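Colleague: Here is the model we talked about. Let us go through it in order.

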Number of protein chains: 2
Amino acid sequence: MTKIVECVPNFSEGRRQDVIQRIVGAMEQVAGVQVVDVQSDIDHNRAVVTLVGDPQAAAEAAFRATAVAAELIDMDHHRGGHPRMGATDVIPFVPVRGVRMEDCVQVARQLGERIGSELGIPVYLYEDAASDPARRNLADVRRGEYEALKEEIGTNPERAPDFGPVAIGTAGATAVGARPPLVAFNVYLNTDDPAPAQAIARAVRHSSGGLRFVKALGLAVEGETQVSMNLTDYRRTPIHRVLEMIRSEAASYGLAVTRSEIVGLLPAEALIDAARFYLQLRDFAPEQVLENRLIAEE
Amino acid sequence: MTKIVECVPNFSEGRRQDVIQRIVGAMEQVAGVQVVDVQSDIDHNRAVVTLVGDPQAAAEAAFRATAVAAELIDMDHHRGGHPRMGATDVIPFVPVRGVRMEDCVQVARQLGERIGSELGIPVYLYEDAASDPARRNLADVRRGEYEALKEEIGTNPERAPDFGPVAIGTAGATAVGARPPLVAFNVYLNTDDPAPAQAIARAVRHSSGGLRFVKALGLAVEGETQVSMNLTDYRRTPIHRVLEMIRSEAASYGLAVTRSEIVGLLPAEALIDAARFYLQLRDFAPEQVLENRLIAEE
């Protein structure tokens, strides 16, 4: 079975298109991996690249991009709306097909070691690749951003990197990790009052008592209201369960779901799981999907 | 975008495993196509092979298998429960990805011409590849089976083949065609009385006033009852619409759907369409499925 990971490196450059192009170009030269998406944001001053392909090829592409970004981006002169601590800020690996989370963890650790030793950039492992539970959460790893880390790295043992020097240069530091596929899922309600969407967001999200792998906010968006979510592990908190909970909560306000949306990419499995639930397909095997047979037998 | 068709040749041999193996072996030698399933049935005395891959490679594999089957199967000595008219009885091509129905029609016609001229076997085009509306339906083409066709082919102009000789040998005749993917979908009810399943089958199937691309029977199966269906064009009569109609009909008997099942293979798209319906994903693009990006950029 062909092994496929998704890798989503984030770079601290969202304005100079020539710099973004050189970073992306370094990744495109690696065989066995495809750049499927590049999003850059001027306000955030950040670029998010989506790669898919062979795990080793994705790691090689991320390494080369990190080297180019270290040359072209000076964190002492970087300003932007999004929290960041390095020229290459984060590199998460995501299992897609024929790859377990443990494989992604191993790829992340090997890449981290290489970035530390060959490029002299401090590396912090996070999420499923974290060396310590206190470093699982990216926000904790990146606390105070580049500026705070620069001051603390040499003096606070809690901020010692997993790989690379205990000192920071103009490329800053990089977080390398492994995580499940993230699904950005928004559900719209038939009201322009944001209060019910906000209450429903509190009901479904983990932080206030809801489902384990849901982050949620209630928002007003151009005359509509939505429950805007990140599903951080769709295998354990599936899309259909989230939607049905929202539908039930909305009904208690006399409201209905008008539509939903997926922002960006997701694995076919996430939607096939929803189809299995609603169609009551009790004994369905992934091998019954024609495309899965093809890929399995390559 | 990689072009993928499914091709499901049926052979009039379900008992002699060595013969089936030689037929399948001939197809496995062709590069660019995979044999993903082989089902043989002793009572039907028939084997159904599922190939997936490049359209031209699938046609080449089907051609070689037809040559082998003509050598090893003598229709004058074939008996079995399933209607048949040839050693290689039918060869349908099914568009799966990056291929339109018109492409499958063209592949079917080219293969039919080649079987007729190079193997001297009469070929009838059927379904979307039919040369005449009267030949769309396979049951009409195969009327009276091998034995009737043998008597009529030389005397009844209505039975003249599309390709090949107006005479039949021990390999019989072959129907070559193009059709949409067929989804075998069964829905179970919480009763052991087959009458409601039979009434619901009549409600949903095309032949008695129901949905255009549904064939259905109500059956008792091992203490359960099911509405057993073939969905002959899931793009125009989608799975979810069939299930919801059955659910509504069942409710009028005070019954509920306990589960459903897909028999055999189906394209991922058929289930993703169901997920889009139930999740109310109004603006979802196929390119948002990670695997589709990968295949598109190969």
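**Domains, fold and interface**

Modeller: In this predicted model, the centres of domain 1 of chain A and domain 2 of chain A, taken over C-alpha atoms, are 29 Å apart. Local features need pLDDT of at least 70, side-chain atom pairs count only at pLDDT 80 or more, and totals for chains, interfaces and linings use all residues. Residues are numbered from 1 along each chain as written, with chains lettered from A and ligands numbered from 1 in written order.

Colleague: Where do the domains of chain A lie?

Modeller: The bounds come from an automatic or database domain assignment. Chain A is divided into domain 1 (4-178) and domain 2 (183-292).

Colleague: Why is chain A called as compact as a globular protein of its length?

Modeller: The globule rule is 2.2 Å times the number of residues to the power 0.38, and the radius of gyration is taken over C-alpha atoms. For 298 residues the rule gives 19 Å, and chain A is close to that, so it is as compact as a globular protein of that length, at 20 Å.

Colleague: How many residues of chain A are in contact with chain B?

Modeller: Contact requires C-beta atoms, placed from the backbone, within 7 Å. On the chain B side, 36 residues take part; on the chain A side, 36.

Colleague: Which element gives the most to that side of chain A?

Modeller: Helices (H or I, at least four residues) and strands (E, at least two) are DSSP runs, numbered from the N terminus. Among those supplying at least two residues are strand E3 (33-41) and helix H7 (239-251). The most, six residues, comes from H8(A).

Methods:
Contact = placed C-beta atoms within 7 Å.
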